[in-house]
Amino acid sequence: MVNTLPQQTTSEIETEDWTPPMPPTDLIFDDGEPLETNQHRVAMNVLIRSYQQYRGEATDFYVGGNMFIYYSTAQVKNRDFRGPDFFVVLDVDGQRDRLGWVVWEEEGRYPDTIIELMSPSTANVDLGLKKQLYDRVFKTQDYFVYNPFDPSSLQGWHHHNSYQAIAPDNRGWLWCESLGLWLGTWQGTIDRETLTWLRFYDTTGALVLLPEEAEAQRAKAERLRAERLASRLRELGEDPDSL
């Protein structure tokens, strides 16, 4: 005999007093814990600000860092709040103010790219529990880890049903498919800190600049243009300073 569920009548359905559970509203967005070091803070801001610079006037993405990502009521109950050091969510309204990323308020969207800036105290979690979470629950397309004090520490994974390691190219860079950018190292001084930073590079291999770097580059180009014009005027017998 085949067992079947009893059919509900229309009146039974209409008289049922049931509503779906509401998501929690008492969310915490500041755990009071600073980043590991000032260099970690600068490294996070370098990634955020350079990606914003790269996207220009586009508003169809959200980029955040050291922000909580809420994805389940169980997580809220466990008070397991710490979020990624850097993440990007594509094809969303990037102009809306957010204290954190609350998945059930974002139509179920999770980050497309996550980067964790490791330290000796976080490496095991970044390479273990967090990697597992981003793979199995978030299904984040691209996940990278990097220790700003160890230039050889860059690793990455792309989601093909599960995480598969991304092979570096001959420069040691890793391709981030979701963002269409390379991730590689760059040595220099930023905000008075000299370090080997994790930076984005475009498909031509050009460094994705910070806003101040882009402004300096524009100023240099304008100065060179003015110098070429002055040189041309002198060749024609004109004094550019008198014009």
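**Figure 1. Trp157 and Ala165 in the pairing of S7 and S8.** Trp157 stands opposite Ala165, a residue of S8. The structure shown here and in the other views is a predicted model. Strands S7 and S8 run antiparallel and are joined by four bridges. The two strands form a hairpin with one residue between them, and in this hairpin Asn161 takes a positive phi near 65 degrees. Strands of a sheet pair through backbone hydrogen bonds, in either a parallel or an antiparallel manner.

Figure 2. Ala167 belongs to the loop that lies between strand S8 (162–165) and strand S9 (174–176). Is this residue, Ala167, buried or exposed? Ala167 counts as exposed because its relative accessibility is 62%, and the cut-off for exposed is over 50%. With neighbours within four places in sequence left aside, the contacts of Ala167 are with Trp173 and Leu174. From C-alpha to C-alpha, Ala167 and Trp157 are 8.8 Å apart in space, and they are 10 residues apart in sequence.

Figure 3. Strand S6 (residues 142–147) and strand S7 (residues 150–160) run antiparallel, with five bridges joining them. Asp142 has His158 in S7 as its bridge partner.

**Figure 4. The open sheet of six strands.** The strand order in this open sheet is S1-S3-S5-S6-S7-S8, and the pairing is mixed. Strand S1 (61–64) and S8 stand at the edges, and each has a single partner strand, so one side of each is left without a neighbour in the sheet. From one strand to the next, the twist averages 15 degrees. In a regular strand the side chains alternate between the two faces of the sheet.

Figure 5. Four bridges pair S1 with strand S3 (residues 86–90) in the antiparallel sense. Within S3, Leu90 is the residue that Phe61 stands opposite. Helix H2 (residues 38–55) lies across S1, S3 and strand S5 (113–117). Relative to S1, H2 runs at about 165 degrees.

**Figure 6. Asp135 in helix H5.** Asp135 is placed in helix H5, which covers residues 129–138. Asp135 is buried yet has no salt bridge. The nearest side chain of opposite charge is that of Arg136, at 5.2 Å. Which side chain is joined to that of Asp135 by a polar contact of 3.1 Å? That partner is His159. Neighbours within four places in sequence aside, Asp135 is in contact with His159, Ser162 and Tyr163.

**Figure 7. Arg199 in strand S11.** Arg199 lies in S11, a strand of residues 193–201. Arg199 counts as buried because its relative accessible area is 0%, and the cut-off for buried is under 20%. The side chains of Arg199 and Glu213 are joined by a polar contact of 2.8 Å. Beyond its neighbours within four places in sequence, Arg199 has contacts that include Val46, Trp182, Trp186, Ile190 and Leu209.

**Figure 8. The protein chain as a whole, for orientation.** Six helices and 11 strands are found in the protein chain. Of its 243 residues, 42% count as buried. Among contacts in the chain between residues at least 6 apart in sequence, 56% join residues at least 24 apart.

Notes:
Residues numbered from 1 in each chain as written. Predicted model: local features only at pLDDT ≥ 70, side-chain atom pairs only at ≥ 80, totals over all residues. Heavy atoms only, no water. Buried < 20%, exposed > 50% of the residue type's maximum accessible area, 1.4 Å probe, protein only. Lys, Arg positive; Asp, Glu negative; His and termini not counted. Salt bridge = Lys/Arg side-chain N within 4 Å of Asp/Glu carboxyl O. Polar contact = N/O pair within 3.5 Å; in protein donor to acceptor, adjacent residues only side chain to side chain. Contact = heavy atoms within 4.5 Å. Pairing = 2+ DSSP bridges. Axes fitted to C-alpha atoms, helices over the stretch in contact; angles between N-to-C directions.
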